[in-house]
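This report describes some contacts and surface features of a protein model. Look at the sequence and the structure first, then read on.

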2 protein chains.
Amino acid sequence: MRLYIGLVHFPVYNKNHEKIVSAITTLDIHDMARLATTYDVSRFFIVTPLDDQQEFARRVLRHWLEGYGGRYNRHRKEALECVSVVGSLEQAIARSHEMEGEAPLTIATDAADPKERSISCAEAREAIWNNEVVALLFGTAWGLHEEAIRQADRVLVPILGKKGYNHLSVRTAAAIILDRLAG
Amino acid sequence: MRLYIGLVHFPVYNKNHEKIVSAITTLDIHDMARLATTYDVSRFFIVTPLDDQQEFARRVLRHWLEGYGGRYNRHRKEALECVSVVGSLEQAIARSHEMEGEAPLTIATDAADPKERSISCAEAREAIWNNEVVALLFGTAWGLHEEAIRQADRVLVPILGKKGYNHLSVRTAAAIILDRLAG
């Protein structure tokens, strides 16, 4: 598998549908890194343009990779080894392109039904299992801004609840999507 | 579906394989309630024997069900309506028995391979979709204590990562399991 994931903190929506940079959550770094390691993801990109947020994420990573964290819990160290901090979606895509020697198929995830360029879980799974380079993009806060969605090649159909409820946390949505596509 | 889930804070293991009561995490309440609502779970039980921890969980629920939280985000209110706080596994099982008029099939989840009474995802899914009453038990901290596992009728086979890594957070493990069994 040549699968990449990005946890995007900009551009995303806030509750009032405004474009914002969301704050990094350490718990998301851990949960997503543990998922990435479980599903053999090549690299997990934390995307934020803010220097202090990048430094914060790198400090968390240093604690677990080089500091006391890694001695306290080696399973966390193992998981966090796949994490890279980048400044933009473009950088995340460029890095995976560089690592694989070809451009990834970028797939945005969104809780809303895609209006165009939609891709089903089955199709996305096929691309991944056919060894295509795939980058899955997950939005924090109230989800990926339309600018981020426009940048992606395809948009994954959303996870629909039994009664139409589709308000999962990004952590649990990523878990379900990774299991469906790469499990 | 007549599906119940329990997030168990006692008896569970700590890092040193000792029996402990773990602390409630508000984020787990939200993530698991949102999952429960997505997958049409009848009731989500938060299991802790500690009075102050029960009161803490109930205070969080009041904020979202009756206080400002429900006005701030109605999707959270909708999700948290399925949550009950109980003092023990026995109480959780008794409550689901009471609600359905029959005893649930209790299924413990564990990251280790079950030695006995194992049940596959396919079998568990069949029970749920055959409208049997099923209660899925998830352990916090370092997982369900063997006493809790012995209390369950069956033990679900674990989620195995590509490279044998199986150290997911309880939130993301529950997401994957609910999607496999009830999705």
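Is A:Arg2 buried or exposed? The model is predicted, and in it A:Arg2 has a relative accessible area of 19%. Buried means under 20% relative accessible area, so A:Arg2 counts as buried.

**Salt bridges**

A search over all chains of the structure finds 16 salt bridges. Three of them are listed here.

| Salt bridge | Closest N and O atoms |
|---|---|
| A:Glu100 with A:Arg2 | 3.4 Å apart |
| B:Glu100 with B:Arg2 | 3.4 Å apart |
| B:Arg171 with A:Asp31 | 2.7 Å apart |

The pair of A:Glu100 and A:Arg2 has one partner in helix H5 (residues 89-100) of chain A and the other in strand E1 (residues 2-8) of chain A, so it ties together parts that are 98 residues apart in sequence.

In chain B, a salt bridge joins B:Glu100 and B:Arg2. B:Glu100 belongs to helix H5 (residues 89-100) of chain B and B:Arg2 to strand E1 (residues 2-8) of chain B, so this pair ties together parts 98 residues apart in sequence. B:Arg2 is buried, because its relative accessible area is 19%. In chain A, salt bridges with shared partners join A:Arg2, A:Glu100 and A:Glu102 into one network.

The salt bridge of B:Arg171 with A:Asp31 crosses between chains: B:Arg171 is in helix H8 (residues 170-182) of chain B, and A:Asp31 is in helix H1 (residues 26-38) of chain A. Both of these residues, B:Arg171 and A:Asp31, are buried.

**Two packed helices**

A pair of packed helices is described by the angle between their axes and the distance between the axes. Helix H6 (residues 121-129) and helix H8 (residues 170-182), both of chain A, pack at an angle of about 60°, and their axes are 8 Å apart. How are H6(A) and H8(A) placed relative to each other, oblique or parallel? Angles of 65 to 115 degrees count as roughly perpendicular and those under 35 degrees as roughly parallel; H6(A) and H8(A) are therefore oblique to each other.

On the H6(A) side, the residues in contact are A:Cys121, A:Ala124, A:Arg125, A:Ile128 and A:Trp129. They meet A:Asp179, A:Arg180, A:Leu181 and A:Ala182 in H8(A).

**A nonpolar surface patch**

Which residues form a nonpolar patch on the surface? They are A:Tyr68, A:Tyr72 and B:Trp142, which together have about 350 Å² of accessible area. A:Tyr72 lies in helix H3 (residues 68-72) of chain A. Because its relative accessibility is 35%, A:Tyr72 counts as partly exposed.

Definitions and conventions: Residues are numbered from 1 along each chain as its sequence is written. Chains are lettered from A and ligands numbered from 1 in the order in which they are written. This is a predicted model: local features need pLDDT of at least 70, side-chain atom pairs count only at pLDDT 80 or more; totals for chains, interfaces and linings use all residues. Side-chain values use heavy atoms; hydrogens and water are left out. Patches are made of residues with over 30% relative accessible area and no salt bridge: like charges are joined within 9 Å, nonpolar side chains (Val, Leu, Ile, Met, Phe, Trp, Tyr) within 5 Å. Accessible areas come from the Shrake-Rupley method with a 1.4 Å probe; for residues, only the protein chains shown count as cover. A salt bridge is a side-chain nitrogen of Lys or Arg within 4 Å of a carboxyl oxygen of Asp or Glu. Helices (H or I, at least four residues) and strands (E, at least two) are DSSP runs, numbered from the N terminus. Buried means under 20% relative accessible area, exposed over 50%, partly exposed in between (1.4 Å probe, protein chains only). Axes are lines fitted to C-alpha atoms, for helices over the stretch in contact, and angles run from 0 to 180 degrees between N-to-C directions. Angles under 35 degrees count as roughly parallel, over 145 as roughly antiparallel, 65 to 115 as roughly perpendicular and the rest as oblique. Contact means heavy atoms within 4.5 Å.
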